[in-house]
Amino acid sequence: MARSQPCPPRIATGLLLAGVLAVFPGFMMFLFVAGGKFIPWWMAGGVLLAAAAALVLIQASARKSVPEDHAFKWSEVQNSWFWTSLVLCAFCCGIGMAVDAWDRSGYSVVSRNNSGCTLIAKETTYFRGGGGVMYLAEPWGLAHMVGDWSVNEGGRPARDGLVKVSWAGSGVTYSVDGAPYGPYGGIGKGRCWTKAVTDRLGGD
């Protein structure tokens with residue numbers, strides 16, 4: 001009977017794919033929220049990649065204690081694909097962490113509606129200016145980018161409570177005081193898709 005692939009390599013591959021998705025589509029577009037904590041893409045991706053690497057190394061170490069014909073082995077192509085993808089994504093995570101540290105990135109909750117949808121601002125400071133990215137978080141923890149802005153003198157209007165917010169059903173609009181720079185001049189809108197779907201299913 002052919003032996004099935006051991007569980008650790010399958011899990012490691014799944015963790016690697018999840019890490020790739022956290023790094024590349026997630027870059028500057030998504031934020032993760034868990035237990036009231038804000039988890040940037042590079043942190044989520046880094047944890048997943050580290051777990052994948054640990055499982056593969058544990059499996060490689062355990063292989064020495066089992067008969068050769070029972071040991072799991074990846075082909076040279078599989079091994080190269082796994083480690084090349086992991087190292088590339090880990091490098092991107094390192095750059096993301098360095099950029100956030102350099103920009104002194106900070107997160108703050110701007111507003112939350114009664115459905116659990118949350119407007120979250122990420123603000124940065126660089127040289128004599130500053131900027132921000134607004135995310136709209138679904139109740140289950142994934143936040144997507146809905147707008148950005150720039151300010152002079154390194155201001156952080158979201159942290160200082162200078163954002164006007166209006167919720168209407170599943171939608172939200174906001175304006176950032178003192179943010180005339182940027183594509184939308186500090187004005188943006190978004191939709192909480194969880195509420196939109198539940199409203200549709202509930203016939204509201």
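Strands here are DSSP runs of E with at least two residues, helices are runs of H or I with at least four, and both are numbered from the N terminus. Keep in mind that this is a predicted model: local features need pLDDT of at least 70, side-chain atom pairs count only at pLDDT 80 or more, and totals for chains, interfaces and linings use all residues. Residues are numbered from 1 along each chain as its sequence is written, and side-chain values use heavy atoms, with hydrogens and water left out.

Let's start with the sheet. Six strands make an open, antiparallel sheet in the order β2-β1-β6-β5-β4-β3, where two strands pair if DSSP finds at least two bridges between them. At the edges sit β2 (37–40) and β3, each with a single partner strand, so one side of each has no neighbour in the sheet. For β3, 6 bridges join it to the antiparallel strand β4 (residues 118–126), and V109 stands opposite I120 of β4.

D103 is buried yet has no salt bridge, and the nearest side chain of opposite charge, K122, is 6.7 Å away. Buried means under 20% relative accessible area, exposed over 50%, and partly exposed in between (1.4 Å probe, protein chains only). A salt bridge needs a side-chain nitrogen of Lys or Arg within 4 Å of a carboxyl oxygen of Asp or Glu; Lys and Arg count as positive, Asp and Glu as negative, with His and the chain ends not counted. So what does D103 touch, leaving aside its neighbours within four places in sequence? The contacts are T124, T125, Y126 and R156, with contact meaning heavy atoms within 4.5 Å.

Now for β9 (residues 187–191). G188 and G190 are on its covered face, while I187, K189 and R191 are on the uncovered one. In a regular strand the side chains alternate between the two faces of the sheet. Strand β8 (residues 171–176) pairs with β9 in the antiparallel sense over 5 bridges, and T173 stands opposite K189.

Finally, the cysteines. C117 and C192 form a disulfide, S to S 1.7 Å, the cut-off being a pair of cysteine sulfur atoms within 2.5 Å. C117 is in the loop between β3 and β4 and C192 in the loop between β9 and α4 (193–202), so the pair ties together parts that are 75 residues apart in sequence. Both C117 and C192 are buried. C89, by contrast, is in no disulfide, with the nearest cysteine sulfur, that of C92, 6.2 Å away.
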